[in-house]
Amino acid sequence: MNHPSEGDPERELFARLEADMNTPAPVTAGVDAKAETAGPAAAPAAAPPADGSGRVAGDFEDPEDAPPVSVPADPPDLPGPGITEVKRRPIVPAWVRSKADLTSALTRAGMNAGYACAFHCVRTPYYAARLAGTAPIGAGRFMKAMNRWVWDLDMAPLRASAVASDNASEYMTLTRARDRHVRWRSLVATVASVFGLGLALSMYVLAPHYLLALAGAAVLALGFAGQRPDKPIIGPAVVKTELEKLTTSIVLRALGSIGNDKINKALAKGGEGIKFTSEITRDGPGYRAEVDLPYGVTPEDVMEKRKALASGLRRKLACVWPSPNPDSHEGALILWVGDRPMNETKKPAWPLLKSGTVDLFKPVVFGNDQRMRPVEVTLMFASVVVGSIPRMGKTFLMRLLMLIAALDPRAELYAFEFKGTGDLGPLEPVCHRYRSGDEDEDMEYVVASLRELRQEMRRRAKLIRTLPRAICPENKVTPALASDKKYGLHPIVAAFDECQVPFEHSEYGAEIEDICTDLTKRGPALGIMAMFGTQRPDAKSLPPGINANAVLRFALKVMGNIANDMVLGTSMYKAGYRATMFSRSDKGIAWMAGEGDDPRIVCSAFIDGPAAEQVVARARKVREEYGNITGHAAGQAPAADSAPVYDLLADILAVVPVDEEKVWNEKVAARLADLRPEIYTGWKSETVTTNLKPHGISAQDVWGTPAGGGKGTTRRGIARADVTKVIAERIQKRSGD
């Protein structure tokens with residue numbers, strides 16, 4: 001400020017005011033975000049004097065009486081975290097480091113070159129005839145061009161311009177230049193003609209074959225010169241239609257087309273925009289873009305609008321695959337856009353198709369992702385659920401997983417296919433137990449096999465419990481234990497295709513469900529893995545005990561959110577992992593959950609029946625060398641003593657006398673255990689209730705007294721008349737059949 005000279009009262013007043021303004025206000029615990037946002041200009045003006053004392057409002061004798069003063073929420077001296085994130089780009093591009101991507105690029109280039117060579121070789125005679133026909137035109141064009149060059153006709157317009165402008169000096173300069181050009185060009189043309197004719201006569205005498213070749217080449221060259229520019233005689237063998245390269249503007253256009261209000265606000269004029277965290281790169285047969293979405297927008301919001309996103313990108317739906325970025329925050333999106341739909345892209349061959357064996361304890365390649373990179377799965381210690389609508393590749397996927405298990409010579413396979421078409425038939429030569437169909441005899445075989453399997457599970461539990469810590473430190477099957485034949489702890493894999501059929505069977509459904517639930521819960525730690533496939537994912541097809549304990553889940557195309565969550569898990573549809581987005585042509589493509597932190601898109605390797613038989617033949621040979629051909633593969637059926645035939649309803653009538661109209665379920669469980677301990681040991685009141693539900697018998701409140709005597713009370717039980725009625729209806733139904 002410029003003020004009057006020193007001693008001036010006004011100057012002293014201004015000095016005091018400046019000192020007051022520069023004095024910082026006391027900092028209090030209160031923080032006002034509005035004060036920071038408004039900035040200094042929004043600071044309130046000083047209040048007028050409250051009275052005649054001359055004291056300005058806000059001046060207090062006791063500082064503690066002063067109200068708290070608002071300060072900015074972002075102090076300028078607040079230190080930063082001192083962390084800088086560094087993202088290093090790979091020295092060698094990913095497609096070069098990936099054997100599959102490099103092989104694909106070289107194969108594509110080689111195939112195009114080979115095709116072009118064959119295409120033009122076949123048409124060579126046609127090309128020669130056409131070029132010979134256009135050679136005279138080419139000769140005329142050549143003579144015309146030579147004449148123009150020799151007489152320097154290109155400078156004629158300049159000389160004419162000089163004459164028109166009466167510029168004598170410029171005209172004379174151009175004329176002298178033209179004379180020099182014409183003089184030496186005429187000499188060159190004359191010498192070329194004389195020596196060319198002499199060379200031709202010499203070659204005619206000394207090397208007539210070379211003269212013919214040279215003449216032919218000259219004719220072809222003149223033919224090229226004589227062809228029409230808009231209709232070339234030799235066209236391209238491979239016509240390329242270039243796809244639109246993915247750019248930031250296209251990505252922003254697509255994101256703006258999905259109808260998200262926050263994205264539209266960010267893209268509007270004056271919005272904060274959308275940030276790309278790295279440059280767009282080629283990633284396999286497509287492009288990869290990494291985007292930071294606006295605040296409050298998640299990748300799931302984009303995934304659920306995938307069809308609108310594909311429209312904005314002008315690509316087919318099966319080309320567009322948005323997904324979260326597991327290495328970043330919750331607003332980070334990875335957008336992968338393929339060159340071709342996933343179902344139209346040539347997939348790499350399954351590595352185990354022609355050679356190799358498997359260790360079920362280690363990851364095994366079973367398919368590929370959108371980028372055509374291998375995807376692995378670990379079957380050990382994991383129960384599996386596969387669900388989809390019909391004709392989407394569910395059985396092929398289950399058969400592929402069983403082929404993987406078959407290539408481990410230690411594994412014991414149980415394959416049950418209830419559709420009755422024999423889709424798992426190629427596995428029969430290596431199966432310990434195998435059945436296809438849903439007839440009563442098929443169900444009896446399955447039940448006998450499952451009883452056998454449950455006994456094996458109990459044996460394993462007792463054995464592991466008694467093993468020393470040095471051999472079994474985690475109380476579960478290890479690779480060493482699985483390979484040691486004396487323990488019999490080899491992997492066991494059981495597959496149930498169309499599992500809704502046995503679970504809903506009127507006679508054996510309850511028992512099959514009970515055993516399968518037990519296998520799903522306790523089996524994996526004991527080296528027993530169960531797989532369940534169904535085309536109707538609901539509570540009946542996938543009982544809660546199985547659905548809640550399955551680790552690996554594969555959801556091919558389904559029709560609704562309920563079926564989606566039944567297969568993938570609760571709230572997966574809401575989280576954006578939606579198998580409803582697959583089209584009918586996306587066969588074999590599924591969401592896979594359980595292998596890794598987040599679900600991912602996978603496409604299983606396509607192995608048809610003949611190819612599966614070849615793999616099984618190789619697996620059987622390896623198993624024969626290992627000494628593991630047992631059960632059905634060796635022509636043996638389930639042992640009679642391991643498959644006792646029983647009827648739950650008949651057994652209940654046997655333990656509940658006629659004069660006992662109603663009885664507690666806990667008493668029924670105890671009496672059944674006394675009747676058939678090998679079957680009913682461990683049953684409780686809840687077990688009886690669960691196993692009677694499929695028969696249509698519900699528990700009810702029953703008055704009774706404890707077995708040892710005591711005060712009467714009401715507990716859950718059944719009525720004997722309900723059991724009798726169901727048995728009578730079943731007998732009548734069978735008589736009618």
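**View 1. Helices H14 and H17 cross in a left-handed sense.** In this predicted model, the pair is formed by H14, residues 440–466, and H17, residues 509–522. Their axes come within 10 Å and cross at roughly 35 degrees.

View 2. H14 contributes Met 443, Val 447, Leu 450, Arg 451, Leu 453, Arg 454, Met 457 and Arg 458 to the contact. From H17 come Glu 511, Ile 512, Asp 514, Ile 515, Cys 516, Asp 518, Leu 519 and Arg 522. Sorted by class, the contact of H14 with H17 has nine nonpolar and seven charged residues, and no polar ones.

**View 3. Helix H9 has buried residues at Ile 250, Val 251, Ala 254 and Leu 255.** The helix spans residues 248–256. Seen down the axis of H9, the buried residues fall within an arc of 135 degrees, so they line one face of the helix. An α-helix has 3.6 residues a turn, so residues three or four places apart point the same way.

**View 4. The buried residues of H9 pack against helices and strands.** The helices are H10 (261–267), H11 (299–303) and H12 (306–313). The strands are E1 (275–276), E3 (286–292) and E5 (332–338). For context, the protein has 25 helices and 18 strands, and buried residues make up 39% of its 737 residues.

Key. Residues are numbered from 1 along each chain as its sequence is written. This is a predicted model: local features need pLDDT of at least 70, side-chain atom pairs count only at pLDDT 80 or more; totals for chains, interfaces and linings use all residues. Side-chain values use heavy atoms; hydrogens and water are left out. Axes are lines fitted to C-alpha atoms, for helices over the stretch in contact, and angles run from 0 to 180 degrees between N-to-C directions. Helices (H or I, at least four residues) and strands (E, at least two) are DSSP runs, numbered from the N terminus. A crossing is left-handed if the near helix is turned anticlockwise from the far one by less than a right angle, and right-handed if clockwise. Contact means heavy atoms within 4.5 Å. Ala, Val, Leu, Ile, Met, Phe, Trp, Tyr, Cys and Pro count as nonpolar, Asp, Glu, Lys and Arg as charged, and the others, Gly among them, as polar. Buried means under 20% relative accessible area, exposed over 50%, partly exposed in between (1.4 Å probe, protein chains only). The arc is that of the directions from the helix axis to the C-beta atoms.
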